Amino acid sequence: MRKKVWLVFLCCCPLFAIAQSNTINGQVKDSLNTQIPLAHIMILQEDIFVIGAITNSVGSFVIESLKNGSYSLKIAAIGYQDFTKKFTYTGGNLDLGVLQLQTESIALDGVELVGRKNLYEKRANSLIINVEQQISGAGRSVLELLASTAGVSINQQNGTLSLNGRGQLAIMVNGKLSRVDGQALLSLLKSMPTSEIKHFEVFNNPPAKYESNGSGGMINITTKSNNINGKGGNLSLTSGYGKGEKTGLAASFHSQQGEIGWYGSYSFNRDYSPEVWGLQSEFTDLEIPKKVNTRSFRKPITVSQNYSFGLDFEALENTDIGATLSGYSSKWDMIAFDNVSNTNSLDEMELLDIKTNEINHWNHVGGNFRIQQSLDNNHKLALDYNYLYYHDNNPSSYVIESDFVEIKKKTPITFNVFSLDYNWTLSENVDLEFGAKNSTSQFKNTVEVSSDNGLQVIIDDELSSTTQMDEKVNAFYASFQFQFGEKTSLATGLRFEHTRNELIGEENEDIVQRTYGNLFPTLSITQKITDLHLLKLNYGKRINRPSFNNLAPFVLFLGPDALYSGNSNLQPALVHKIGLEWGWAAKYMALEYIIEEDAIVEFQPRLSENGQQYVFKAENMDKRNILSLSVRIPFGITPWWQSETNLNYQHETLQTQFQNSAFKRSKGTYKITSSQQFSISPNTRLELSGYYQSSSLFGISDFGARGSFNLGIQHKLRKNYGTLNLSFNNVFASDNWKIKTNHSNPNINTLETYFPESRIMVLSYVKSFGTNKKKSKHVSNSANAEKNRIK
């Protein structure tokens, strides 16, 4: 696969070289010789604008297609004085060299910036991934883009997300926690088109203000309509094909004038994506050992709709009131044809054909109400309430020769969340924040399993159940930020969470009842060594609570010899994380050590009591330690070639008792994610991107190596008629799963495989309308929000 990638890359290189002829180039720096990205380059002739450009991550720019003549070059950048230089162009290549800007203090008031950002931007406590800059992501869902861009691993079976294998991720949308996990979370992310997303913000070690659940960190998804002034909107249309057709449309609007602002969005997507699941398993403890090979050819169609509407109102000069209504509907409708071959040690073979029908239909509606009061320039108080309702209807049926098995499953989930936050700016060097939160949630899971042999219908009482869970979490936190001189800063916080969780069975008996309280400290010390070098020390403690999907009893069959189930005995996992970060210029390196107790690992195979079935369910592992090294290397190879590469290596050690056997395992894993962007012309860009991950531990199993190569082309139409994006994803059909488990004590031998749809071509069109200026009246609030993120 890698040879093919480089072959395509080398074949394309001669095309890029064409862009070097007949150009004007230069580099913009400040008085300290620091490169200035996102500076506006304007070419004027007799004070009339001719052409422009934006500097890249290393301050370089290139101008093409300029006629011979006398011109003025003007450079504008926030925080610097305007720069003007006259020159004469006579054709060929003109190098203006280094152009130096002088610093200037300016106030931001309704500034409109339109430019090309870097794909990755490192902030004090997070990593920004600018989705708008990733061409190959056009026309895809947020779920698909997260998996390839942010280093996120996604388990489609149970709907879990993890960051570089370090544990579960928490997901926020515009700063609001999604609250759900499992298939509900996947349905939400599938229903969100990337055309409506501005950027992802990845928190590896979130501040104390945010909930402590999710040892892998947190990702905040920011939409384009968030915090916009003026009137305008976006429209996008998508069409594609891989092994099945894809269609979609999305629209958003915003209006912010004076004291009242409102905004909204709607999207529709239909995705037919054939896939193949497989399971090879051996049963050696039976009187007559056997081998079972199951291949499931699945034809799922996902139809999703996502909507939101919000209103902001400045009731008084220092009082802001806002309300949001949002929701989605996501229906996954699948027909599968399973081929099962059963061979025993006597060379006797049994062949079965199974037809499976499964529907997973999630509906969601949510409301948010918030009030923010600025007591004065140094005090702010915010009250926030969220109501969230989810409903899942997940029926499935299996036809095995003359037998018919039917599973009915319904799960309603309700959340009520209140929070109160207070921010106090003591001085320019000291910032304090305190808060409290109350969260209550309830879900009811009803499963009924029945079989019909043509003569009678039999209810399986062992697999059928009705369970209800009530959970209450009360939290209090305090966070502090101190600035010591010009080079040293300290951010620390403490969060206390008290959790009461009760799982109740059909006859109101307690299946599980837990009450526990935990303290979660965070600490970050930042030392500025030089203007280009920064050193940072982090510590944080977090928790992984079992997901609703993992706790609730449920049954999914993959042939008669294997089933997937919930585990009501799961315990929460506690995680300690300590890390050292070093940033220089635009580059970044981080070393992190993670200690996790009772780590939750998804779907581990175990033999049933009679030894005739494999049961896959989440399990607690006694102890897991991870040593991780991450490096981010962005640089401009030429003014028309920008490179972003992320490297991650981690060594994992796992210890656990599983089915009365001791396991101690360790393994090193590396992952490379890269994006190469080329400016073919002022309006056309080409992107080559992809990732490769070596094999890794998956509890007592091993997750095989996988990777993906993507190609994207973007062209901006003239006169602001919109943008066309053409992408080809998973070109070499290499983004496949292989999960192998082979142990003699206990005797477990399974191989799970998953082959998703590949070679997907998607064409999308995006058009923006109206104005898109940042709100001037909320600049101070946005700045305080950024302060919150680094505590």
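Helices (H or I, at least four residues) and strands (E, at least two) are DSSP runs, numbered from the N terminus. By that rule, the chain has 5 helices and 47 strands, and D353 sits in one of the strands, β22 (residues 349-376). This is a predicted model, where local features need pLDDT of at least 70 and side-chain atom pairs count only at pLDDT 80 or more, while totals for chains, interfaces and linings use all residues. Residues are numbered from 1 along each chain as its sequence is written, and side-chain values use heavy atoms, leaving out hydrogens and water.

**The chain as a whole**

- Of the 791 residues in the chain, 53% are buried. Buried means under 20% relative accessible area, exposed means over 50%, and partly exposed lies in between (1.4 Å probe, protein chains only).
- The accessible surface comes to about 35,100 Å². Carbon and sulfur atoms hold 55% of that surface. Such areas come from the Shrake-Rupley method with a 1.4 Å probe; for residues, only the protein chains shown count as cover.
- Take the contacts (heavy atoms within 4.5 Å) with a separation of 6 or more: 65% of them join residues 24 or more positions apart.

**A negative patch**

- E350, D353, E401 and D403 gather on the surface as a patch of negative charge.
- Asp and Glu count as negative, Lys and Arg as positive; His and the chain ends are not counted.
- Patch residues have over 30% relative accessible area and no salt bridge, and like charges are joined within 9 Å. The place of a charge is CG of Asp or CD of Glu.
- D353 has a relative accessible area of 55%, so D353 is exposed.

**Salt bridges**

- Side chains of opposite charge can pair when their charged atoms come close.
- The structure holds 16 salt bridges. Each one is a side-chain nitrogen of Lys or Arg within 4 Å of a carboxyl oxygen of Asp or Glu.
- K74 and D82 form one of them, at 3.9 Å from N to O. K74 is partly exposed, with a relative accessible area of 29%.
- K209 pairs with E433, and their closest N and O atoms are 3.7 Å apart. This pair links distant parts of the chain, 224 residues apart: K209 is in the loop between β14 (197-203) and β15 (217-223), and E433 is in strand β26 (residues 430-452).
- K209 is partly exposed at 22% relative accessible area, whereas E433 counts as buried at 2%.
- E497 pairs with R545, with the closest N and O atoms 2.7 Å apart. This pair also links distant parts of the chain, 48 residues apart: E497 is in strand β29 (residues 488-504), and R545 is in the loop between β31 (533-544) and α4 (548-551).
- E497 is buried at 2% relative accessible area, and R545 counts as buried at 9%.
- K246, D271 and E757 are linked in a network of salt bridges.

- Y387 lies in strand β23 (residues 379-393). Y387 is partly exposed, with a relative accessible area of 32%.
- Leaving aside residues up to four places away in sequence, Y387 touches V365, G366, G367, T414, F415 and N416.
- Y387 and L325 are 62 residues apart along the chain, and their C-alpha atoms are separated by 9.8 Å.
- E602 belongs to strand β35 (residues 587-607). E602 is buried, with a relative accessible area of 7%.
- The C-alpha atoms of E602 and A618 are separated by 4.3 Å, and these residues are 16 residues apart along the chain.

Definitions and conventions
Patch = residues over 30% accessible without salt bridge, like charges linked within 9 Å, V, L, I, M, F, W, Y side chains within 5 Å.
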